[in-house]
Structures are given as C-alpha cells and as structure tokens.
Amino acid sequence: MLPALAHIDAWIFDLDNTLYPASANLFTHIDRRMTQFVGDLLGLDPAEAFRVQKEYFHAHGTTLAGLMAKHDVDPAAFLAYVHDIEMDVLEQDAPLAAALAKLPGRKLVFTNGDVPYATRVLDRLGLSDSFAGIHDIHATAYRPKPHASAYAGLCAAWEIDPTTALFAEDMARNLVPAKAIGMTTVWVDNGSEQGPEAARDHIDYTVHALTPWLTSILED
C-alpha cells in the first residue's frame, strides 16, 4: 500500500461515472428520463424541461431534491421512473473487482441514487460482492451529496472515522464536504463533471480512471 494511504480503513466510492467509465454514457439515459419527468410534470417542452432540471440540480444537489422542494414529488416514483433503463453498455470489470478485494478495510458505495439501481449496476459490473454496503439517497433523508448532513449520516450509520476514510467521486464539488470532515479525497476526472469550475484545493488525488490508480497504490 502507498504509505500515504496506509491509515485508510474505509474506502468509499461514488457509483455513476466512478465505478464505471463515463464513456459508457449510462447516466445520459438517466438524464434524459429526468428531463422527460420534469417536462411531463410541469407541462414543459424538452428544452425548457432540461433548463429547469439543471437549475434544480445545481441549486439543490440533485434534480430530485429540487422537485421535492418545489413540487412535493414522491421520491420513490421519480427514482423508479428515471432508473428504468437498459444497462447493456456495462460490462464485467474483473480488474476493478480484484483491486477492490486487495484494499484493506471496508468498501462502501455512497450514491445519490437508490439501492435497487445501485445493485443493478454492481451486478452488471461483477462487483456485487465487493462492497459491505450501499448508502443511498433514502439513507440521507433525501439530503444528497454535497449536503454536509449526507456525509455526517454516512459516517454515523457505518461508524466511520472520517480521518481514516477515503472518498472517490467524479463530481469534484461532492468532495468538498468530505475533505472538510477529514476524509482523503480522490477526484475521478473523466469528463463527467457537471457544473462551473471550482477550486480544487480540497482534492488530494486526481485520477482519470479508478482501476489503474488503485492498482498503482497497491503496487507501491
């Protein structure tokens, strides 16, 4: 193990565009269904629905959070609708499974999606046995990343000491609260970032793909 990471005993990973390549474009299908949901709900044309969807995303952390705040949308109905997609683009990732298996300590998924969707993704990737658990949007009481309460709730639920935890995520802004409570942060800079440029001083490691980096820290 890389000496600088020898103290890590909790390895926390975002799901979408982190555990699989952004080039899979899986989230694009979810994004389209979110736009459709917003359009159907509010009677908007696709362009205006997309604008409103992104406005809610940037202001509230997720489109769902904005819809719940503004329109009292049922989260279960929304999540079932937007996650009703095919996953044929995802393939088994044996190298990632092998790297995760070698990491000392617990491995967890921390996602703004829900457990049923995350379980489907992990099954497709061959990672069903790689994680001790999934902390999802329901577990955060619908206060998603990057709300500070989501990270506090994660640590409380799984008895994590943030100073001995590492969090890997493709959205740089979602690493800010993690760094604030003492986590080691890894930004998976793969082009999936949505939002304006921000300072990167809260990032400890910048990588372009997860598997090569995990392999490298295990070989050092």
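**Exercise 1.** At roughly what angle do the axes of α1 and helix α2 (residues 46–60) cross, and within what distance do they come?

Solution. The model is predicted, with local features needing pLDDT of at least 70 and side-chain atom pairs counting only at pLDDT 80 or more, while totals for chains, interfaces and linings use all residues. Residues are numbered from 1 along each chain as its sequence is written, and side-chain values use heavy atoms, leaving out hydrogens and water.

Step 1. Helices are DSSP runs (H or I, at least four residues), numbered from the N terminus. Axes are lines fitted to C-alpha atoms over the stretch in contact, with angles from 0 to 180 degrees between N-to-C directions.

Step 2. The axes of α1 and α2 cross at roughly 105 degrees and come within 8 Å. This makes α1 roughly perpendicular to α2 (65 to 115 degrees).

Step 3. Contact means heavy atoms within 4.5 Å. On the α1 side, D31, M34, T35, V38, G39 and L42 take part, meeting P46, A49, F50, V52, Q53 and K54 of α2.

**Exercise 2.** Describe how helix α1 (residues 26–42) packs with helix α3 (residues 63–71).

Solution. Step 1. The angle between α1 and α3 is about 15 degrees, and their axes lie 11 Å apart. That makes α1 roughly parallel to α3 (under 35 degrees).

Step 1. From α1, the residues M34, F37, V38, L41 and L42 meet T63, L67 and H71 in α3.

Terms used
Helices (H or I, at least four residues) and strands (E, at least two) are DSSP runs, numbered from the N terminus. Angles under 35 degrees count as roughly parallel, over 145 as roughly antiparallel, 65 to 115 as roughly perpendicular and the rest as oblique.
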